[in-house]
Amino acid sequence: MPAMDREAGPFGKATPCIAGNAGSHQGTARYSFFYMNFSLTRAPPILWHNRVLTRRPGKSMLRVLTIEDDAVTGQEIVAELSSHGLDVDWVDNGREGLSKAIAGGYDLITLDRMLPEVDGLTIVTTLRNLKIATPILMISALSDVDERVRGLRAGGDDYLTKPFASDEMAARVEVLLRRNSVPMAQTRLQVADLELDLISHEAKRGEQPLSLLPTEYKLLEFLMRHAGQVITRMMIFEEVWGYHFDPGTNLIDVHIGRLRKKIDAAGQTPLIRTVRGSGYAIAEPV
Amino acid sequence: MPLPNPSKGWSSSTSRLLALYSFLFVAWSSILMGVLYFEVSGYLNKLTRHSLLQRQHLFAHMSGKQLDDALIASQAFEERSFDAYGLFDAQFNPLGGQIRQVPAELGLDGKIHELSRCLDAEDPRMPRDSCDAVALKVADGRWLVLVRDNGSLFVVTRIILHALLWGLSLTIIPGIAGWYLLRRRPLKRIRAIQASAELIVAGDLTHRLPIAQRRDELDMLATIVNAMLDRIEHLMHEVKGVCDNIAHDLRTPLTRLRAQLYRIRQQAGDGSPQAEHLDQAISETDTLMARFRGLLRISELEDRQRRAGFVELDPRALLEELHDFYLPLAEDGEIHLHLKLPQSLPSLHGDRELLFEALANLLGNAIKFTPAGGQVLMRATEDAQGLHIEVQDSGAGIPESEREAVLRRFYRSEEGHRHAGFGLGLSIVAAIVDLHGFELEVGSGELGGARLVLHCRSRVAA
């Protein structure tokens, strides 16, 4: 796929359109600090692979708690998230995990569904009963939709089944970490000269209005809400279509291709980038 | 799945046995009667000749008046229909006795001859049919013809024949009645066995053949088959268990493998010679993981009869969504994707997500197997049996011999490996269809390619 080779080079700052008024809407100071840093400072070019949350000056690294009983998987999660500039604590049993999670201070928890001592589902339920709202990514060997529903209903924020690709996991962690970054009250999204009106559902590139099909609109909105972040194909399928199986082939790619043709018309700087092996991201060009 | 019908009875083992038995009975009784007849008739013949010989000897030495008196006296003692005589002069003119004419076939040599047609006498009491006769020249030059009827032989023959007929009819008529009654019970049991076997073939491996507790051959056979089924069920569980265990056990190493490859890829940096190989390795691992998820998904679908997600849903919205989802892919492959829906469609009871997945698989396959410029049609129809959702394409189609097999796990067309991942997708479809109690029909359609119809029965007991 020629598209795969495009994104190889360094990629500049990823600037969510709401950067300007981010501070006033953030749920926590850490988010807003990180966000402002990310959007306002000209950070050195970041490779796509080690993209994102890194390069924050000093102290306030985002902290992630990983509760995972399999050592290798746990180490892998730690390694992957660390490479994204996150500070990861890893515990290998449910009891310790629960007490650490309650002790707090984490921005996100990755939680294995099946754990010795205290079950993953119990941890989520307990945390939510204690009004601890830390985003939780559940990682489970149980892929059944019922299990997913149960996990999410108990208070999990996202659900990933084993075997998983670590970049998929990292992409979901990032989306969860920044979930509150675009306030719901937002009525307009913008990436470079691409604008999306969330009320009238109109899109335009520069002065050129774009006619989008409903699905294309949903897809674009999803990408733009997470501008600068890698969105995997599976996440797109889950979010835009609402299904949780593997549609196989290159269906999502085809839909992205459609959208790309409309947004990045000939002669314009492409905004949607393919991230090798992982997914897509919409961001301002360098 | 209906099993081949048992015979209507003519070829059942009872019938065969009875037929063989009847045949042997008839054959043996005929032989027995034949031998009896042969022996009896031989003996009677001997008696006839003997008595004739006695009379011949007696009369041979008499002459004149003495002979006449002796002949008349003998008539008083002997039954006329058995014994008769005729006395002739040298010119063969009749002189006395019942026989008025020398039989033509009778040789005048003093030896006993067996005549097939005896006498042309009008007297009904005279022997008419076969008889033994002798012509002798008595001492005074006259000819004496002595005849002894074989009538007793005929009587014996008739008795034997009657015995045979009665015996046969008394054997065969109750035999046929007995056969009719006898064959009914085993056939009834065979039908019961057939019904059970059909359930087992349909997939209910916990079912067993009925045993009548009569300890006969059918029970023995059913017991043997049941023992075999126990073993098969056990093995199936084992295989399934092994399959699932492998899948579960390999989950973690696969995750690790993918992660480590990904990590090495990160370190290798772009443009390095390893990078390309690593990308390939990662992509292969992703394929592997996708297969794995598919496998696990099937066993989950098969294991759990989950109906929690079942709702009444509108098939129109579902099908339109599917159409929109696949339209870009079809257009990229220069395939015309049509959606034909009637004015009104009944609602469907099922799991929306699973039905979407199943139909997505069918549609994805149809598009995959249709060459550029071809057509794919998705159509819904309704009749008394419920809703039918049909996906057909103008591709190569599925050979008739493979139509049942394509729904099996890991099935691959024998005509070369056209596309990867052919079997698993359809197995997922089959599992979903089973879960809903629907039916999937694989055939060929008017577009020339494969035609897969999902028969959605209006309501299955949930």
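Analyst: In chain B, the unreviewed UniProt entry places the feature "transmembrane region" at residues 18-38 and 159-182; such positions are given in the numbering used here, feature names are shortened, and annotations may be inferred rather than shown by experiment. This is a predicted model, in which local features need pLDDT of at least 70, side-chain atom pairs count only at pLDDT 80 or more, and totals for chains, interfaces and linings use all residues. Residues are numbered from 1 along each chain as its sequence is written, while chains are lettered from A and ligands numbered from 1 in the order in which they are written.

Residues 18-38 of chain B are 100% helix and 0% strand, with end C-alpha atoms 29 Å apart, and residues 159-182 of chain B are likewise 100% helix and 0% strand, with their ends 33 Å apart. Helices (H or I, at least four residues) and strands (E, at least two) are DSSP runs, numbered from the N terminus.

The sheet itself is open and has five strands of chain B in the order 2-1-5-4-3, with antiparallel pairing, where two strands pair if DSSP finds at least two bridges between them. Because strand 2 (94-97) and strand 3 (113-115) of chain B stand at the edges with a single partner strand each, one side of each is left without a neighbour in the sheet. Within the sheet, strand 1 (residues 83-88) and strand 5 (residues 143-149) of chain B run antiparallel and are joined by six bridges, and B:G86 stands opposite B:V145 in strand 5 of chain B.
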